[in-house]
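Welcome! Please take a moment to look over the sequence and the 3D structure below, and then we can walk through them together.

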Amino acid sequence: MSVKIFYDLMSQPARTLVMFVRANKIPHTPCPIAMRKLEHQSEEYAKINPFKKIPAMQDGDFNLTESASILRYLHEKFDCTDHWYPRSLQHRARVNEYVDWQHINIRPYMTKIFLQDVIFPRMTGTPADPADLAPDVEKMEHTLDQFESYFLQDKPFLCGDDISIADLFAVNEVIQVEPTRYDTLEQRPRIKNWVGRVREKLTPELFDDVTKMIIKLKELKKSKL
């Protein structure tokens with residue numbers, strides 16, 4: 001039976017979910033939800049996700065809301081390749097460690113800077129004040145230092161020699177700031193090379209298609225420089 005995936009590709013965890021189901025050829029029905037039109041706030045969508053957040057999944061009469069829980073559920077249900085979410089206790093613990101860490105570390109700052117420097121100025125016509133962004137940029141850079149030194153280190157992927165769901169969550173957070181004025185990846189070659197490895201592992205076609213909104217916003221930024 002095909003599961004239904006509710007998503008908006010502007011959302012980092014939604015992109016992660018879409019990458020996972022497509023990379024693993026999981027039979028699914030795409031159900032796009034346009035956050036810019038507030039479709040995730042509708043009462044109809046609330047029947048799927050009472051929290052009115054993106055993404056969500058529906059498997060028959062079973063609904064699931066949190067992205068990490070959805071990926072773990074799909075991994076077990078469709079018996080995906082072990083490297084995505086290893087059965088080895090310690091390897092799985094490393095994946096869980098990153099997924100748990102990212103929620104209150106890398107994700108909040110990437111999201112806030114993206115909204116303040118890209119989305120809000122597009123909505124209001126008023127550019128963001130760099131001085132107002134400075135405290136959050138400093139926190140972002142500190143978090144990226146931790147990400148690079150503790151999780152990535154010199155490994156090909158976050159949790160070892162092969163890609164895992166941790167890499168999918170992480171890559172979608174890191175590239176979220178690419179459309180901003182901050183050349184984050186250009187200043188961090190180790191992270192930039194890791195992004196390239198994730199892209200190649202998924203295939204450039206899949207990666208670029210799922211991240212096309214971020215790519216488009218990045219190109220718009222370049223055209224204004």
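A nonpolar core is a set of buried Ala, Val, Leu, Ile, Met, Phe, Trp, Tyr and Cys residues joined through side-chain atoms within 4.5 Å. Buried means under 20% relative accessible area, exposed means over 50%, and partly exposed is in between (1.4 Å probe, protein chains only). This is a predicted model, in which local features need pLDDT of at least 70 and side-chain atom pairs count only at pLDDT 80 or more, while totals for chains, interfaces and linings use all residues. Residues are numbered from 1 along each chain as its sequence is written, and side-chain values use heavy atoms, with hydrogens and water left out.

**The cores**

- The largest nonpolar core holds 64 residues, and Leu74, Tyr98 and Trp194 have the most contacts inside it.
- Apart from this core lies another one of five residues, among them Val118, Ile119, Ile214 and Leu217.
- Which residues does leucine 74 touch, leaving aside its neighbours within four places in sequence? Its contacts (heavy atoms within 4.5 Å) include Val3, Ile5, Leu17, Phe20, Met57 and Cys80.

**Strands**

- Helices (H or I, at least four residues) and strands (E, at least two) are DSSP runs, numbered from the N terminus.
- Strand β1 (residues 3–7) is largely enclosed by the rest of the structure, because four of its five residues are buried.
- Two strands pair if DSSP finds at least two bridges between them; β1 pairs with strand β2 (residues 28–32) in the parallel sense over five bridges, and isoleucine 5 stands opposite proline 30 in β2.
- On the antiparallel side of the story, three bridges join β1 to strand β3 (residues 56–59), with phenylalanine 6 opposite alanine 56 in β3.
- Together, β1, helix α1 (residues 12–23) and β2 make a right-handed β-α-β unit. Right-handed here means that, with the strands pointing away from the viewer, the path from the first strand over the helix to the second runs clockwise.

**Helices**

- Is helix α7 (residues 165–174) mostly covered or mostly open? Helix α7 is mostly covered, with 10 of its 10 residues buried, including Ile165, Asp167, Phe169 and Glu173.
- Helix α4 (residues 89–102) has 14 residues and reaches 20 Å from its first C-alpha to its last, close to the 20 Å expected at 1.5 Å a residue. The expected span is 1.5 Å times one less than the number of residues.
- The buried residues of α4 include Val95, Tyr98 and Trp101, and their cover includes α3 (67–77), α5 (106–124), α6 (130–152) and α7.

**Salt bridges**

- The structure holds 21 salt bridges, each a side-chain nitrogen of Lys or Arg within 4 Å of a carboxyl oxygen of Asp or Glu.
- Aspartate 136 forms a salt bridge with lysine 112, the closest N and O atoms being 3.3 Å apart. Aspartate 136 lies in helix α6 and lysine 112 in helix α5, so this pair ties together parts 24 residues apart in sequence.
- Aspartate 136 counts as buried at 7% relative accessibility, whereas lysine 112 is partly exposed at 39%.
- Another salt bridge joins arginine 188 and aspartate 145, with the closest N and O atoms 2.8 Å apart. Arginine 188 sits in the loop between α7 and α8 and aspartate 145 in helix α6, so parts 43 residues apart in sequence are tied together.
- Salt bridges that share partners join Glu141, Asp145, Glu148, Asp154, Arg188 and Arg190 into one network.
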